[in-house]
Amino acid sequence: MRGFIMRIGFALVAALALIAPARAQDKTMKDLTEVGGRSLADWIKDITHKDPSKRENAVRAVLGFGPEKAYEAVPAMLTELRRHTGTTTGATQIDTSVRVNIAMSLGAILGTKKDADPKVVKDAVTLLTRLLSDSQ
């Protein structure tokens, strides 16, 4: 139990560490059209790719566009989290690194988005809360 609480604490600290730089860079990112030579739309498509490493990279890459633009990727991230139904036999699992990166990215994006849709925030909180009982 102690290890579980430490991991949650680490994830929260990591998410908060992402928020401050994102706020500082928000003004310079408004004109950004590519990260890693790809558009935001290209990265969003990869969030649901069948290769977990591509999903993980895509989730991290959208943060490079800043929280205002990265907000467009939130529905794809939530869709990916919805696919994870747990760790029991017969459950659908998504890669742990993908889940962790989505959780941190959602914290960074929704924590800095000025006018986030309350329904989206509620959906994110519901899905993230469900991850708290995940064995990993």
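## Helix packing around α5 and α7

In α5, V74, L78, L81 and R82 meet V120, D123, A124, L127, L128, R130 and L131 of α7. Contact means heavy atoms within 4.5 Å. By class, this contact has 8 nonpolar, no polar and 3 charged residues. Ala, Val, Leu, Ile, Met, Phe, Trp, Tyr, Cys and Pro count as nonpolar, Asp, Glu, Lys and Arg as charged, and the others, Gly among them, as polar.

This is a predicted model: local features need pLDDT of at least 70, side-chain atom pairs count only at pLDDT 80 or more, and totals for chains, interfaces and linings use all residues. Residues are numbered from 1 along each chain as its sequence is written, and side-chain values use heavy atoms, without hydrogens and water.

Two packed helices are described by the angle between their axes and the distance between the axes. Axes are lines fitted to C-alpha atoms over the stretch in contact, with angles from 0 to 180 degrees between N-to-C directions.

| Pair | Axes come within | Crossing angle |
|---|---|---|
| α5 and α7 | 10 Å | roughly 30° |
| α6 and α7 | 11 Å | roughly 145° |

R99, A103, L106 and L110 of α6 touch V120, V121, A124, L128 and L131 of α7. That contact has 8 nonpolar, no polar and 1 charged residues.

Which residues of α5 (residues 74–83) are buried? They are V74, A76, M77, L78, E80 and L81. Buried means under 20% relative accessible area (1.4 Å probe, protein chains only). These residues pack against α2, α3, α4, α6 and α7.

D46 lies in helix α2 (residues 40–46). Helices are DSSP runs (H or I, at least four residues), numbered from the N terminus. D46 counts as buried because its relative accessibility is 12%.

Definitions and conventions:
Helices (H or I, at least four residues) and strands (E, at least two) are DSSP runs, numbered from the N terminus. Buried means under 20% relative accessible area, exposed over 50%, partly exposed in between (1.4 Å probe, protein chains only).
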